[in-house]
Amino acid sequence: MAAPAGHLRPGRYLAFFALIVVALYALVFFTGSGKPTPKLGIDLQGGTRVTLSARNPDGGDPPRESLEQARSIIERRVNGIGVGGTEVVLDGSNVVITVPGEQGDQAKTLGKTAKLGFRKVVTSQPATPAPQPSAPPASGTPSSAPPSSPGASAPPTSPANGGGAAGAPQQQQPDSDEQTKKEIEEARSLRQNPDLISTDQAKQAAAAEKAFAALNCDPKVSDPLVGNDLTDKPLVACGDKNTMKYLLEPEFLPGTEISDASSGYDTQNSQWVVNLNFKSDGSRIWGDFTSKNTQKQAAFVLDTQVVSAPTIQSAILGGQTQITGRFSQAEAKDLADVLKYGSLPLSFESSDATTVSATLGLASLQAGLIAGGIGLLIVFIYCLFYYRLLGVLTILSLALSFSLVYAVLVLLGRWIGYTLDLAGVAGLIIAIGITADSFVIYFERLKDEIREGRTFRSAVPRGWSRAQRTILASDAVSFLAAAILYWLAVGEVKGFAFTLGMSTVLDLVVVYLVTHPLVAMVSRSKSKFLSNPKNLGLGAVQQVGSERKAARPAAGRPNVKEA
């Protein structure tokens, strides 16, 4: 129970609150390198949010370790291509990439599996009935052999576009684990059939005919083998911008043996290329292979797409080679980046991509501020009309509460990367009502005490001792609801729950350290203006209290009516 007003020292409570505010704003202005403003989400400042959904070949949930590894690799890719202010976080089995500003197009390519492998070409054929004209072989370079058949670059938007599901074209259905598993197994049985490299020519020809017929190189059809192909089995894959089909031997060199990758322009052949440096084991394997397979083709396979299939003119030693394939500058850079920073342990597909222009983001921010301002104005008008001077204390408390919330939002943005989005703004607006509700509970308890005949000064400690129990119960329910919503929700709803829960906690701080001490100070004031019940909105209830007090019998005198 709170101490009586005469024993309460409001100045200490207010001084402690002022110390908290000063400490918070000292951290805001004198620590960190960011601006003293909250970190805004893409729906308020503009940008792109890409949600990548993991696919598991066995239909089960992806391992948490693999998801965390994929998140780390994507984050390294982000840092490597210089996309500033980007966040990569896990949300269940999804990886969410958030890119502010106008750099969102790059985010849509960050989820490439980038599973690179080197395979020997057995044979190839056009993907269409009419053979496509091939580019003339490029002249040799020290680090690579010229391709005798044209190389092909992976489509810049999705490396999965090059392949197709076995059988008739159909769209992948990531929400059906059984269907996904079935498509993977069917594609493996045809396009990775061991008979494709059988020494029995009849078996090999029959398997190759079925595999080539089943492979659909339509770029609109997703390939179920992306990230799910078996490296120890042969593979039938598309290449040369989906105009060629290749039959490849099992992988002889994995892309994990690459130590570095960079893009560059080959002035001799007037084309963009990707330069690779191998690790020690990779350098040895590549040197041995090129020594034994001169005048044969080696395919660079990225996510079941043949990026390039050059003909080996001579042994390539020294641990360096080059990927050619009619790349544009952007395609060569994207491929070099994903190879440099590693392949993902899981295959992903973009389940959602949202882009908000900076203009729309600014309009959303302005709309949120206007909505919050209107809510505050309505609360102010109601408090001034109904509580008068106590309403002024309410407005002051809300202003101090806002200063507290603002500082906390800035610091949370720096420390844990919290971003304020539209859902969070909605939570803050609702929190205005929760905070005002605490004041209403307190003031109404004061009125109840005054109706019982007590003075304003004596009503404050009794009203507070009863009101704080209701305030605590109300805020506890609100905080519990926000915590449960945050735990169960995903995406933007979490932002709403977070700001609602945070504002509820700060509401208690303001009520205990600001509102109650201010009311206690007013109740003890000797100013006639402050002590006038009419100025406090208590005139009517005080008159009721006086009437009830006058109607009570005096102590020791029985209330006897004359006959």
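Me: How do the axes of helix α10 (residues 389-415) and helix α13 (residues 492-523) cross, and why is α10 called oblique to α13?

Reply: In this predicted model the two axes, which are lines fitted to C-alpha atoms over the stretch in contact, come within 9 Å and cross at roughly 140 degrees, on a scale of 0 to 180 degrees between N-to-C directions. Angles under 35 degrees count as roughly parallel, over 145 as roughly antiparallel, 65 to 115 as roughly perpendicular and the rest as oblique, and therefore α10 is oblique to α13. Helices here are DSSP runs of H or I with at least four residues, strands runs of E with at least two, numbered from the N terminus.

Me: Which residues of α10 and α13 meet, and what is the make-up of the contact by class?

Reply: With contact taken as heavy atoms within 4.5 Å, the residues of α10 that take part include Leu390, Leu393, Ser397 and Leu412, and those of α13 include Phe498, Met502, Thr515 and Val522. By class, the contact has 18 nonpolar, three polar and no charged residues, where Ala, Val, Leu, Ile, Met, Phe, Trp, Tyr, Cys and Pro count as nonpolar, Asp, Glu, Lys and Arg as charged, and the others, Gly among them, as polar.

Me: How do you know that Cys217 and Cys238 form a disulfide?

Reply: A disulfide is a pair of cysteine sulfur atoms within 2.5 Å, and the sulfur atoms of Cys217 and Cys238 are 1.9 Å apart; the structure holds one disulfide. Cys217 lies in the loop between α6 (201-214) and β5 (235-239), whereas Cys238 is in strand β5, so the pair ties together parts that are 21 residues apart in sequence. The link is left-handed, with -95 degrees about the S-S bond, and both cysteines are buried.

Me: What makes Cys383 buried or exposed?

Reply: Buried means under 20% relative accessible area, exposed over 50% and partly exposed in between, with a 1.4 Å probe and protein chains only; Cys383 has 3%, so this residue is buried.

Me: Why are Glu185 and Arg388 called partly exposed?

Reply: Glu185, in helix α5 (residues 177-191), has a relative accessible area of 42% and is therefore partly exposed. Arg388 lies in the loop between α9 (358-387) and α10, and at 43% relative accessibility this residue also counts as partly exposed. Phi of Arg388 is near 55 degrees, a positive value in a residue other than glycine.

Me: On what basis do these values rest?

Reply: Residues are numbered from 1 along each chain as its sequence is written, and side-chain values use heavy atoms, with hydrogens and water left out. Local features of this predicted model need pLDDT of at least 70, side-chain atom pairs count only at pLDDT 80 or more, and totals for chains, interfaces and linings use all residues.
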